[in-house]
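The report below is meant for a reader who is meeting this structure for the first time. It goes from the whole chain to its strands and then to a single residue.

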Amino acid sequence: MCDNMVSVTEYKCTNCGLNFYDDGRCFYYDEELNQTVDFIITFITANWGSESKIKGKVSETYCSECKKYLKVYVIEECNISDSCNIVREGIKNYIKKYQRKIDELKQIRQNPNYSIEKNEFGSSYVVIPGYDEFYLYLSDSDLNNEKTAEYILAKFYRDIGESIKHYEEIYYKYVNSIYLIIDKSDAESYSLEKVCCPDCGNEINTKFDELKCPNCESLLR
Ligand SMILES: [Zn+2]
Ligand SMILES: [Zn+2]
C-alpha cells in the first residue's frame, strides 16, 4: 500500500475549473484524536500512520448529478471492526480541525499583536503569537525605519488573508463533498476505475486516463 513513494497528479478542467487529484494520496486514522489524516507520501511523511489501525488511499472525482465532489476512501489495512463508520466519523473531525484553524486565524487577524525577536544568529524577525506561518526578517535599516510597523502590518494582513483563503478552499471542498468509504476486505471485488455515487447511484470514472472531466467532459490537464 503506502509503503512506496507515490506521486500524486492533480488535474484541472480547462472548461469548468474543477480540480481533482488521482489516487496517489493516502490516509490513516489517528485513534487518539479520533480523526483521519490525508497526506501525500514524501520523505517526511513516509512513516505517518505506521502504528494506525486503519490505513488506505484517497482519490477524488465529481458527481455530475449531485454537482458535488466525491471523495473515495479505500481502506487497505485495518485491524478494527466497524472501520467504515470510524473513518466516516474521523473525516468529520478532520474537517472540524480546518474549521478551528480558520476561526483561530480570523481571531488573530482581528487583533494582531507582534513582537520583534532575535534568533540565535542575531537576526531580527517578527513573531505573531498563534500564527507560526508568518515569516518576516528585518534588516537594521528596517528596525530604524519609522514605517516599519506599517510594513509589518501590511505584510501580516496580506499573508494571513492568503492563509485563510487557502484553508477555506480546503475546508469548503471537504464540507461540500460526498464520501464513499470502501473497506477492501469487505468488498469481494471492487473497481476503483468506476464507482457509484452513494447519494444518487450515478456511475463515475475515477481514473482520468482519458483526461475527460467527469462534470463537463472537457479536457483535463
Ligand atoms: Zn469540467
Ligand atoms: Zn451523485
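## Overall layout

The protein chain contains 3 helices and 12 strands. Its radius of gyration is 21 Å, well over the 17 Å that the globule rule gives for 221 residues, and the chain is therefore more spread out than a compact globule. The model described here is predicted. Computed along its principal axes, the C-alpha trace of the protein chain spans about 70 × 40 × 30 Å. Of the 221 residues in the protein chain, 19% are buried.

## How the strands pair

| Strand pair | Sense | Bridges |
|---|---|---|
| β3 and β4 | antiparallel | 5 bridges |
| β3 and β5 | antiparallel | 4 bridges |
| β5 and β6 | antiparallel | 10 bridges |
| β6 and β10 | parallel | 6 bridges |
| β7 and β8 | antiparallel | 4 bridges |

Strand β3, which covers residues 25–30, is mostly covered, with 5 of its 6 residues buried. It is joined to strand β4, residues 35–39, by antiparallel bridges, and within this pairing D30 stands opposite Q35. The hairpin of β3 and β4 has 4 residues between the strands, and N34 takes a positive phi near 50° there. Strand β3 also runs antiparallel to strand β5, residues 54–63, where K55 is the bridge partner of Y28.

Strand β5 in turn is joined to β6 by 10 bridges in the antiparallel sense, and V58 stands opposite Y73 of β6. The hairpin of β5 and β6 likewise has 4 residues between the strands, and in this hairpin K67 takes a positive phi near 60°. Strand β6, residues 68–78, has 8 of its 11 residues buried, so it is largely enclosed by the rest of the structure. With strand β10, residues 178–183, β6 pairs in the parallel sense, and here I75 stands opposite D183.

A further group of 3 strands forms an open sheet in the order β7-β8-β9, with antiparallel pairing. Its edge strands are β7 (115–118) and β9 (137–138), each of which pairs on one side only. The bridges between β7 and strand β8, residues 124–127, number 4, and V127 in β8 is the bridge partner of S115. As background for reading such sheets, the side chains in a regular strand alternate between the two faces of the sheet.

Y21 is found in strand β2, which covers residues 19–21. Is this residue, Y21, buried, exposed or partly exposed? Y21 counts as partly exposed because it has 16 C-beta neighbours inside 10 Å, whereas a buried residue would need 20 or more and an exposed one 12 or fewer. When residues up to four places away in sequence are not counted, Y21 touches V8, T9, E10 and E60. Y21 and S59 are 38 residues apart in sequence, yet their C-alpha atoms are 6.5 Å apart in space.

Methods. Residues are numbered from 1 along each chain as its sequence is written. Chains are lettered from A and ligands numbered from 1 in the order in which they are written. This is a predicted model: local features need pLDDT of at least 70, side-chain atom pairs count only at pLDDT 80 or more; totals for chains, interfaces and linings use all residues. Helices (H or I, at least four residues) and strands (E, at least two) are DSSP runs, numbered from the N terminus. Two residues are in contact if their C-beta atoms, placed from the backbone, lie within 7 Å. Two strands pair if DSSP finds at least two bridges between them. The radius of gyration is taken over C-alpha atoms; the globule rule is 2.2 Å times the number of residues to the power 0.38.
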